[in-house]
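Work through the exercises below with the sequence and the model side by side, trying each task before reading its solution.

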Amino acid sequence: MSSLSADWVLPVDGPPIAGGHVTWEDGRITEVGPGRAARHLDDAVILPGLVNAHSHLEYAVYGGFGDGLPFARWILVHMERKARIGPVEMEAIARLGAAECLASGVTTVGDCSFTGAAGPACAALGLRAIVYLEVFSHDGVGLERFEASRARVDGASVTLGISPHAPYTCDLDLYREAFALGLPVATHLNESRDELDWLADGTGPWAALAHAMPRPLGRSGIRALAEQGLLRKGLVAAHCVVVDDEEIELLAENEVAVAHCPRSNALLGCGIAPVAELRAAGVPVALGTDSPASAPSFDLFEELRAAVYFARARERRPDALTAEDALRLATIGGARALGLEAEIGSLTPGKRADLTALSLAGSPYHPVEDPAAAVVFGGSPSRVLETVVDGVTRYRQGEDEWPEVRSTASAARARLLTP
Ligand SMILES: [Zn+2]
């Protein structure tokens, strides 16, 4: 049996507990309530392990590649550089991604993985993951890529899923085949105006990439999938930035979850997803960092703040997304999106012991008035004291912190940068 207490415990499924503790045994939470444990963290908050619902761990060192370029040139930079490394480097990079998630208080990721490298990486570091293997139609192998890599995704903390990449790289039959596997499914939908122009009639800046894409669909990805009965409960759709009211309704009535990635959408110039409208319509919304290929980091605290800034700026009202709402997106919202809400996402007896301890010492939010606001506005990876997955401490500040993982990933980045 293990127990940890702190000045505050934020169960998320109930009110904050001042001076609370969490106890767990055999990987499951047995007790959450007031009272001090033998191990107490001063000036800290214990919260459910954060859920990063959309990541690409194998792009952990792709920071800054093609920054500021239009999409067609941006993607070429990425493809050209990616061809310089092999599976060993890919896995080293994914391990760094998993390490950075744990160091950011993340205990679960929904990761879309091109090579499957995220599977062994998450298994090695003990990060809980659904690894959605990416498939494409344009490479001519469709599900063969999935079959070739699926054995790599194995391990106690890892679940296999599949990700038809997007309606502009996958034909609808590939989506149908993916659903037929009965696995968790993720995809990218309605990310940008340029994407929608291409899908509508093959026009716009993406016409230059026509060789890599099946064909325009005459409609948006959301509408095309809906018409074919391929918008289904359990599907996790990243982005959904450019959506109209009818598309929001289609997502809501089909119970498709949206992984909101505000920093990625901003930096690629795609826009701001209508999070308040999506939530008001009943769409399950989660939070994702995407990867350093588009956003600067796997820092989910930065993502939380970006979600709040952009929602309030877009709606021009301060209650468009409260700190408490945002924290729900990154905990129980993420769990629900990934279909794991019975197991994770809140500090609830019976659920898996996934938790994060965050120090607020010396922050502008200490002494703590509102713990959710303190976590969302004051949190950062440098304040994460400990990350526990399934009852096992997978990260503790000041200990080890994976020097070898960092050096091998850095060597892989050097290769990516060398023509
Ligand atoms: Zn993505």
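This is a predicted model: local features need pLDDT of at least 70, side-chain atom pairs count only at pLDDT 80 or more; totals for chains, interfaces and linings use all residues.

Residues are numbered from 1 along each chain as its sequence is written, and side-chain values use heavy atoms, with hydrogens and water left out.

**Exercise 1.** Locate V12 and D390, and decide for each whether the residue is buried, partly exposed or exposed.

Solution. Begin with V12, which lies in the loop between β1 (2–9) and β2 (17–25); helices (H or I, at least four residues) and strands (E, at least two) are DSSP runs, numbered from the N terminus. V12 is not a glycine, although its phi is positive, at about 75°. Its relative accessibility is 12%, so V12 counts as buried, where buried means under 20% relative accessible area, exposed over 50%, and partly exposed in between (1.4 Å probe, protein chains only). D390 counts as partly exposed because its relative accessibility is 29%.

**Exercise 2.** Find the order of the strands in the open sheet of 7 strands, and name its edge strands.

Solution. Reading across the sheet, the order is β3-β2-β1-β4-β13-β14-β15, with mixed pairing; two strands pair if DSSP finds at least two bridges between them. The edge strands, each of which pairs on one side only, are β3 (28–34) and β15. Within the sheet, β13 and β14 run antiparallel and are joined by 4 bridges, and L355 has V388, in β14, as its bridge partner.

**Exercise 3.** State the volume of the largest pocket and describe its lining.

Solution. The volume is about 730 Å³, taken as the space filled by probe spheres set on grid points that are joined across faces, edges and corners. A pocket here is an open set of points on a 1 Å grid over the protein atoms alone, where a 1.4 Å probe fits, with protein on both sides within 12 Å along at least five of seven lines, and lining residues have an atom within 4 Å of a point. Of the 32 lining residues, W74, I75, K82, F136 and H165 are the closest to the centre of the largest pocket. Helix α1 (residues 71–82) gives the most to this lining, with 7 residues.

Conventions. Ala, Val, Leu, Ile, Met, Phe, Trp, Tyr, Cys and Pro count as nonpolar, Asp, Glu, Lys and Arg as charged, and the others, Gly among them, as polar.
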